[in-house]
Amino acid sequence: MSQIERISKHIWIQHADHKTDRPILAAIVGDKRTLLLDAGNSPAHAAQFREELTRHNIRLPDLLVLTHWHWDHTFGMSEWKLPAIANHQTATRLGQLKGLIWTDETLNELIRGGIINEASARHIQLEYGNNRDLHIIEPDVIFHDRLTIDLGGVLCELEHVGGDHAEDSCLLYVKEDKTLFLGDALGPAIYGGPYRYTSANFLRLMEQVNRYDVQTYVESHSRPATADDFHEDIKRYVQLARYVEAFGDDHVRITHEMKKYLKVYELPNEFIKAIVWFLTSDAK
Ligand SMILES: [Zn+2]
């Protein structure tokens, strides 16, 4: 079961739960307002976080911000009844899903249309069971590139970065706590075909991420990471993306260079997969 944890002076999170793909939810608490980051994958997920916040006497959210439109981050919106802030592309995507009746047939149609994938359909079935009376809500405050939210003594900077995972992906930086929420922005594209990464997109995203002065990085489906741990992990993928840039679709060469870089005889599974994802996008 996911639990709540205070990760810095102003930030409480509920950890991700992989069973039904529940992402991290965060409450960022200022002197005047609490900002909720992501709505949850269902009203039940949302209610669980709200109960935990109440139990810990934490000021309940006044505003909601969405990292991107994917179901697991947004389908809990109806439970919160809060003004929701989102990128304009998030609003468009949610508008397209509004009014659907969420039967298995609808899920199959969305898979066929490349809007979701089989894994998300399975997770939706598991999270909701047969009671899929879910209401998609459209955001109230729409921004394009950047937005600063003042919570009273705590400034949150929202930046649209896009990328492979979702065109509407946003970062949220909590300045006073030097904490950067990445959403799923660094993940591969997962809908409308095989999983895939574009080396140029990935390197550009990392440049944007590296502009922030960060102590704690929070990816939505992982444990929060210290700056040292995050960079130690991500630098290997940055190197891989650079090899893809340098050697194009030469799978053998990229594998060889990566083994040399990691000083291993056998490439760990996550890199075997990542190379395939990169080459799916980058191969001409
Ligand atoms: Zn996502």
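**Metal site and aromatic pairs**

Modeller: H70 is buried, at a relative accessible area of 1%. Buried means under 20% relative accessible area, with exposed over 50% and partly exposed in between (1.4 Å probe, protein chains only). This is a predicted model, so local features need pLDDT of at least 70 and side-chain atom pairs count only at pLDDT 80 or more, while totals for chains, interfaces and linings use all residues. Residues are numbered from 1 along each chain as its sequence is written, and side-chain values use heavy atoms, with hydrogens and water left out.

Colleague: Which residues coordinate the zinc ion?

Modeller: H68 (NE2), H70 (ND1), H165 (NE2) and D184 (OD), at 2.1 to 2.3 Å. Donors are N, O and S atoms within 2.8 Å of the metal (3.2 Å for Na, K and Ca); water is not among the atoms, so sites may look incomplete.

Colleague: Why is the arrangement irregular?

Modeller: The 4 donor atoms subtend angles of 88 to 175 degrees, which makes the arrangement irregular. Four donors count as tetrahedral if all angles lie between 85 and 135 degrees; four count as square planar and six as octahedral if opposite donors are over 155 degrees apart and all others between 65 and 115; anything else is irregular.

Colleague: How are the donor residues spaced in sequence?

Modeller: H-x1-H-x94-H-x18-D. H70, in the loop between β5 (63-65) and α2, and D184, in the loop between β11 and α7, are 114 residues apart. Helices (H or I, at least four residues) and strands (E, at least two) are DSSP runs, numbered from the N terminus.

Colleague: And D184, buried or exposed?

Modeller: D184 is buried, at 10% relative accessibility.

Colleague: New topic. How many aromatic pairs are there?

Modeller: The whole structure has 13. In F75 and W102, the ring centres are 5.1 Å apart and the planes at 70 degrees, so that pair is edge-to-face. Rings of Phe, Tyr and Trp (its six-membered ring) pair if their centres lie within 6.5 Å; planes under 30 degrees apart count as stacked, over 60 as edge-to-face and the rest as tilted.

Colleague: Where do F75 and W102 lie?

Modeller: F75 is in the loop between α2 (71-74) and α3 (77-80), W102 in the loop between α4 (88-97) and α5 (104-112), so the pair ties together parts 27 residues apart in sequence. F75 is buried at 2%. W102 is buried at 4%.

Colleague: What about Y197 and W277?

Modeller: That pair is tilted, at 6.0 Å centre to centre and 55 degrees between the planes. Y197 and W277 also belong to one aromatic cluster with Y195, F202 and F278.
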